[in-house]
Structures are given as C-alpha cells and as structure tokens.
Amino acid sequence: MRDQIRARLREGHSDGPRPGGAVWRRLSSLTPRAARLLLVLSILALAAVACTPQQVLEMKLTADLNKMRTEKGLQPLSPDPGLSAVARARAEDMAREGYFSHQPPDGCDFRCLLNKQGVPMAWAGEIISWNNAPLDRAVPMSIGMWRNSPTHYGIITGCQFTRMGTGAAITSDGRVYYVALFEGNSPTCPPQ
C-alpha cells in the first residue's frame, strides 16, 4: 500500500498542493509583502464569512484603536475576552434601552459590571459612541470623533493600559452603539 502511494506521488497524483507542485511554487515565490497581503486578505475573507456584522465592527474597532496607539509610539493593547463581554453588554444595553450615557439607568456602570463578572482591574477607562452611518463607515466615524476629543484620545492613548475590550450593538433602525473598555497597570508607564 505504501509503495502504491509513493508511486502515485512520483507520477504527480496528489490531493492538494505539495512541495514541488505548481501551486506551491507560485505561493513560495511571493515577496514577503505580497505574502502578508495575501494572508490579511484571506483572514478578512474568512472574517466576512464567519462573523456577524456586530463581530466585524468590534474587530475593526479594536484594530483602529490599536492603530491610534501605535501611531503615537505606544504598544497595541491585547484584546481581553472579559473586557469585551462587558463592553458588548454595555453597548447592547444602550441600544435596547435607548439611552447614551456612561451611567446606565440601573446604576451599574462598567466598573460595576467588571466587578460582577470577576474581571480584574487596576486603571480602567470607558469610551462610548453611537452613529447611524452605513456599516462600512460607522467605525471610522466613531474613531474620528474620539481622535478629535482630547478626553477620549487621552483614554485611548493612556500608557497605563495593557488590555482592551470592544463591543458593538446595531439597532433595527441602523444606529450602532460602541463601547471600548481599557484596563491595565503598565510598569513602563510613568506614575500618574
């Protein structure tokens, strides 16, 4: 049986790309930049197929917030599932209840929710936004507003933060609510 498989492979029979095959040769000849581009496009294609619009918005928000940080020479923040769960819960609550505030009607703000969920925190911050732009422009609109607000920009680029969570909620009338939570106690940050 083993000899038969080897013979078929020598004859060029295969179930997929293999070293020495035409597809493999084409892939291995890509420049590093082209290979990275192909990888990013493949990931985006998978994300578009496998994720809900809400998840796509959250991933884009995380990427754009980290881009703002790296533009300032700061390390990108690590996505944190606990922070993301609370951020999404906050966004969904605002969308469902029809309010826009750091102080929810029930009085349990993001710190209260983090404590209830057992998410550890040292320094923590929250930024919120909503808009009714088309989904392909909704994240850039919120990023632009936060970038132009000294208070929000200061939270996004806070050197003490090491983790981030993002949440989005889309209402039936097309409004998108965003929440980004930041947490950390970076030892490389000067005392505040």
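**A close look at T166**

Guide: The side chains of T166 and T62 are joined by a polar contact of 2.9 Å. Keep in mind that the model is a predicted one. The side chain of T166 also reaches the backbone oxygen of E58, at 3.1 Å. T166 itself has its place in strand β3, which covers residues 163–170. Is T166 buried or exposed? Its relative accessibility is 4%, and buried means under 20%, so T166 counts as buried. What does T166 touch, leaving aside its neighbours within four places in sequence? The residues in contact with T166 are E58, L61, T62, L65, S84, A87, V179 and A180.

Helix α4 runs over residues 53–71 and packs against helix α7, residues 135–147. The angle between the two helices is about 35 degrees, and their axes are 10 Å apart. The crossing of α4 past α7 is right-handed. On the side of α4, the contact is made by P53, L57, K60, L61, D64, L65, M68 and E71. On the side of α7, L135, V139, I143, W146 and R147 take part. Sorted by kind, the residues of this contact are nine nonpolar and four charged, with no polar ones.

Now to the loop between β3 and β4, where R175 lies. R175 has a relative accessibility of 23%, and therefore counts as partly exposed. Its side chain makes a polar contact of 3.2 Å with the side chain of D173. Not counting residues up to four places away in sequence, R175 touches W130, N131, N132, A169 and I170. One of these, N132, is 43 residues from R175 in sequence, yet the two are 4.3 Å apart in space, C-alpha to C-alpha.

Last come the aromatic rings. A pair of aromatic rings is described by the distance of the centres and the angle of the planes. In the whole structure, a search finds two aromatic pairs. One of them is formed by F161 and F182, with 5.7 Å from centre to centre and 40 degrees between the planes, and this pair is tilted. F161 sits in the loop between α8 (150–156) and β3, while F182 is in strand β4, residues 176–184. The pair links distant parts of the chain, 21 residues apart. Both F161 and F182 are buried.

Note on methods:
Residues numbered from 1 in each chain as written. Predicted model: local features only at pLDDT ≥ 70, side-chain atom pairs only at ≥ 80, totals over all residues. Heavy atoms only, no water. Axes fitted to C-alpha atoms, helices over the stretch in contact; angles between N-to-C directions. Helix = DSSP H or I, 4+ residues; strand = E, 2+ residues; numbered from the N terminus. Left-handed = near helix turned anticlockwise from the far one by under 90°. Contact = heavy atoms within 4.5 Å. Nonpolar A, V, L, I, M, F, W, Y, C, P; charged D, E, K, R; others polar. Buried < 20%, exposed > 50% of the residue type's maximum accessible area, 1.4 Å probe, protein only. Polar contact = N/O pair within 3.5 Å; in protein donor to acceptor, adjacent residues only side chain to side chain. Phe/Tyr/Trp six-rings, centres within 6.5 Å; stacked < 30°, edge-to-face > 60°.
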